[in-house]
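Please report on the helix packing, salt bridges and surface of this model. Keep it brisk, and give the cut-offs behind each term.

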Amino acid sequence: MTTPAPSSPPSPLEQARPNGVVRALTDGWVVAKRNLIKIKRVPEVLVFVLISPIMFVLLFAFVFGGAIDPGGEVAYREFLIAGIFAQTVVFGATFTGAGLAEDMQKGIIDRFRSLPMSPAAVLVGRTTSDVVYNVLSLIIMALTGLLVGWRIREGVLDAILGFGLLLLFAYAVSWVMAWVGLMVPSVEVINNASFIVIMPLTFVSNAFVPLESFSGFLRTLVEWNPVSALTQASRELFGNIDPSIPAPEAWPQQNAELYTLIWVAIILLVFVPLSVRQYRLSAGKA
């Protein structure tokens with residue numbers, strides 16, 4: 001009867017290697033830096049990312065602003081900016097799906113598979129780096145908004161919380177886009193698919209017109225739309241709520257910050273594991 005040979009002790013490199021969440025975050029930061037370096041190499045992408053929010057602010061402020069009256073004491077341009085913020089960060093989340101679809105097409109995901117890294121690192125890195133795009137977009141939009149008449153009428157802390165809530169919601173949506181980006185065959189498909197979903201989500205909301213302009217079932221839909229809650233929460237934190245308009249009756253609008261955070265938690269709990277699973281399946285097919 002033979003005695004099994006004792007297993008060799010782990011090497012110092014293996015002992016020092018982080019595991020689980022720490023490993024995913026560490027490897028994910030490396031991938032995030034790789035994505036951010038592309039900004040220097042392809043500055044045209046950043047230019048178009050920053051031009052879009054400026055275009056939306058100016059378009060709605062000067063072209064549609066004269067035709068849309070939110071009523072009350074708050075001017076439309078001040079009413080508008082929170083909605084533009086919400087729309088832009090949600091649309092900005094589509095960069096995650098487009099980037100992953102492009103990496104899948106070019107075979108870069110296959111190269112990542114050959115490396116000793118966490119399966120979640122590519123997704124963590126992609127979603128984290130895209131937060132930078134949204135931060136830059138918010139800065140440009142805020143400066144443009146100040147030029148057209150928007151003002152932050154609450155304290156600095158509330159304003160920081162408002163921007164933080166916008167970025168947190170965008171980060172959650174980016175995981176949805178990551179899952180979609182791993183399922184579709186090309187960048188063109190992810191762009192079309194995201195447009196079909198996000199466009200009605202942002203326009204059937206209180207982002208550009210007041211809630212009172214909707215009625216019946218459509219109003220209920222708008223009241224429970226997470227983008228409406230995000231917009232309402234942003235207006236409250238920036239101090240852009242008109243005191244002459246009656247308070248909303250729907251629970252999501254009365255508790256906009258909490259309702260937005262509930263959606264963030266639901267999206268992350270559902271789509272983070274779904275995205276990691278889809279990444280394993282997509283990589284396994286290669």
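## Helix packing

The α4 and α7 helices cross in a right-handed way. A crossing is right-handed if the near helix is turned clockwise from the far one by less than a right angle, and left-handed if anticlockwise. The model is predicted: local features need pLDDT of at least 70, side-chain atom pairs count only at pLDDT 80 or more, and totals for chains, interfaces and linings use all residues. Residues are numbered from 1 along each chain as its sequence is written, and side-chain values use heavy atoms, with hydrogens and water left out.

The packing angle of α4 and α7 is about 165 degrees, and their axes lie 10 Å apart. That makes α4 roughly antiparallel to α7. Axes are lines fitted to C-alpha atoms, for helices over the stretch in contact, and angles run from 0 to 180 degrees between N-to-C directions. Angles under 35 degrees count as roughly parallel, over 145 as roughly antiparallel, 65 to 115 as roughly perpendicular and the rest as oblique.

Helix α5 (residues 94–106) packs on α8 at about 25 degrees, with an axis separation of 7 Å. So α5 is roughly parallel to α8. The crossing of this pair, α5 and α8, is right-handed.

Helix α8 (residues 156–183) also meets helix α9 (residues 187–203): their axes come within 10 Å and cross at roughly 140 degrees. The two helices α8 and α9 are therefore oblique to each other. Their crossing, α8 with α9, is right-handed.

## Overall make-up

The chain has 13 helices and zero strands. Helices (H or I, at least four residues) and strands (E, at least two) are DSSP runs, numbered from the N terminus. Of its 286 residues, 45% count as buried. Buried means under 20% relative accessible area, exposed over 50%, and partly exposed in between (1.4 Å probe, protein chains only).

## Salt bridges

Side chains of opposite charge can pair when their charged atoms come close. The structure holds three salt bridges. The term means a side-chain nitrogen of Lys or Arg within 4 Å of a carboxyl oxygen of Asp or Glu.

| Pair | N to O distance |
|---|---|
| Glu78 and Arg153 | 2.5 Å |
| Asp130 and Arg126 | 3.3 Å |
| Glu223 and Arg219 | 3.2 Å |

Which parts does the bridge between Glu78 and Arg153 tie together? The closest N and O atoms of Glu78 and Arg153 are 2.5 Å apart. Glu78 sits in helix α4 (residues 76–92) and Arg153 in the loop between α7 (121–148) and α8, so the pair links parts that are 75 residues apart in sequence. Glu78 is buried, at 8% relative accessible area. Arg153 is exposed, at 51%.

Glu223 is buried, with a relative accessible area of 11%. Arg219 counts as partly exposed, at 25%.

## Contacts across the sequence

Asp242 is in the loop between α11 (226–238) and α12 (251–254). Its relative accessibility is 7%, so Asp242 counts as buried. The C-alpha atoms of Asp242 and Phe79 are separated by 8.4 Å, although the two residues are 163 residues apart along the chain.

Phe95 belongs to helix α5. It is partly exposed, at 31% relative accessibility.

## Nonpolar surface

Which residues make the nonpolar surface patch of about 740 Å²? They are Trp224, Trp251, Leu258, Ile262, Ile266, Leu269, Val270 and Leu274. Patches are made of residues with over 30% relative accessible area and no salt bridge: like charges are joined within 9 Å, nonpolar side chains (Val, Leu, Ile, Met, Phe, Trp, Tyr) within 5 Å. Accessible areas come from the Shrake-Rupley method with a 1.4 Å probe; for residues, only the protein chains shown count as cover.

Helix α13 (residues 256–285) gives the most to the patch, with six residues. Leu274 lies in α13. At a relative accessible area of 31%, Leu274 is partly exposed.
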